[in-house]
2 protein chains.
Amino acid sequence: MTHTATQPSESPVIGVFDSGFGGLTVLKALLTHMPHAQYAFLGDTARLPYGSKSQRTIARYAAESAQFLVNEQKAEFLVIACNTASALAMEAIQAAVPVPVLGVIEPGAAAAAAHSRTRNVLVVATEATVHSHAYAAACQRQGLHGVEKACPLLVPLVEEGWVDHPVTEQVVSIYLDELMAEAQAAGQRPDTLVLGCTHYPLLHKVFQSKVPVGVQVIDSAEATAAAAARMLGLAGRSLRADAVPAPSIRCFATDSVEKFERLGSRFLGHSVGKVSLVDLGG
Amino acid sequence: MTHTATQPSESPVIGVFDSGFGGLTVLKALLTHMPHAQYAFLGDTARLPYGSKSQRTIARYAAESAQFLVNEQKAEFLVIACNTASALAMEAIQAAVPVPVLGVIEPGAAAAAAHSRTRNVLVVATEATVHSHAYAAACQRQGLHGVEKACPLLVPLVEEGWVDHPVTEQVVSIYLDELMAEAQAAGQRPDTLVLGCTHYPLLHKVFQSKVPVGVQVIDSAEATAAAAARMLGLAGRSLRADAVPAPSIRCFATDSVEKFERLGSRFLGHSVGKVSLVDLGG
């Protein structure tokens, strides 16, 4: 999060970027908070997953994607709806475009700070995000102690559509047991769990049913949308359901447009419409 | 499989290519069949997974990788140890390099044909491989009827190291039940299951324990290595364990060299040694 002062506008163009389509959960939350804004969403599907790539490569890809949204799509504000890019490429993105940029990690940590009484927080995320320790660092800046856990099976389980499946419940339980054991071994008493991956909001109910009593689940997609609305001066303007306009969304992908259209609706909660193919090179 | 006549040489340079490091299971099988050969293995880890990309993109990436192995590493024979590239990019690879090229799909189907009495075969593979129907077509060329099933959770389970895990056994059972139901609904009586992904040899025992009695599991990595040895005139020359020389292997990756070195040994069965970073662009 860099710039904080922006011109209030009822319908700013907000660019939303992810390596794939998981970031559509962030777009969904943004639509709830700012239904009048215009959205341009880019999934860099030709080069996903960022999680297994080096910081240098991720920074280059993310900067190119950000420039497409700002230069071609005229985005006035950028949401990096990708934990890996938020963890590893915020500086490169901010250097590449002249608009305010918001990632998903600082808002997630800030929401955890607003909730936690014990100041001990758990974070589940992908391997690359955990390896970067970006959430632990963001928690520390909020006066929290964060214990992170990589959960590499959860994205494939969500993409397989097994969001209510017994296998997914078992996998979530195994990961949570290992995470709680690690936190307790470190003398922590966590009361907050941050879902630090844009796929995980689809597993919110499973996580909430499996966490120990007294642990609150925080969704970093929702926290990020709330932070974006505050930064744009549009917070607290949520409309009644019957007054919500048809959303203005343009979706772009660098590859696999059909898969994006097919799976995207699971994340967005309704059809993503026609997805346009763009070539960013590489 | 194109060219079949090659100069017999005791120690040809064999290039082995995969989008990641799963193809190391094919290299492991090649080492058993041809311990005296010299191997150059390239994992295009910067651009994996190929499975979610379009044919055009995969063909370009695979051709560039093949040219690196032939032009820079002087490979005289190329093994495409990647089901997706074998399914979607064989023509592009053959057009890009002047050496014989062998993929993993034809040998897998040929091995199934050599075993099956009912001529009804099951194939498990990644989503992209199944979507291409390359195994069904290869089975048809062998006079077999193949029923294919995408198993997208298995690669992440292998990479998580859960190869003997109860969750993996359940997932394999679920996939096999769905596949058997589909085959039976089509009036098939399958007696052969082809493991059509380079990660799956690590799950050979799980599959063998879960398939119905009378169904044989065929490993396309092993079938491919046997076919390569035949094409190179080196079949039947396996050495006694005490006479096997130290393998000559050079490993290259386009990104994430450390992860390659760390996880690669699981697939190869011993250390992959020092992995060199190469830049193919993109």
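Two residues are in contact here if their C-beta atoms, placed from the backbone, lie within 7 Å. Keep that in mind for the rest of this talk. What I am showing is a predicted model.

I will start with the two chains. By that rule, 20 residues of chain B are in contact with 20 residues of chain A. On the chain B side, the elements that give two or more residues are helix 8, at 154–159, and helix 9, at 166–185. Sorted by class, that side of chain B has eight nonpolar, seven polar and five charged residues.

Now chain A by itself. Chain A is divided into domain 1, which takes in 13–103 + 224–277, and domain 2, at 105–220. The centres of these two domains of chain A, taken over C-alpha atoms, are separated by 22 Å. Their contact takes 20 residues from domain 1 and 18 residues from domain 2.

Which helices of chain A give two or more residues to the domain 1 side? They are helix 1 (24–33), helix 3 (83–88), helix 11 (220–231) and helix 12 (257–268). Helix 3 of chain A gives the most, with five residues. By class, this side of domain 1 has eight nonpolar, ten polar and two charged residues.

Last, the core. The largest nonpolar core has 208 residues, and those that touch the most other members are Leu30(A), Leu78(A), Ile80(A), Leu30(B), Leu78(B) and Ile80(B). Take Leu30(A) as the example. Leaving aside neighbours within four places in sequence, Leu30(A) is in contact with Ile14(A), Val16(A), Tyr39(A), Val79(A), Ala225(A) and Ala228(A).

Key: Residues numbered from 1 in each chain as written. Chains lettered and ligands numbered in written order. Predicted model: local features only at pLDDT ≥ 70, side-chain atom pairs only at ≥ 80, totals over all residues. Helix = DSSP H or I, 4+ residues; strand = E, 2+ residues; numbered from the N terminus. Nonpolar A, V, L, I, M, F, W, Y, C, P; charged D, E, K, R; others polar. Domains from an automatic or database assignment. Core = buried A, V, L, I, M, F, W, Y, C linked by C-beta atoms within 7 Å. Buried ≥ 20, exposed ≤ 12 C-beta atoms within 10 Å, placed from the backbone.
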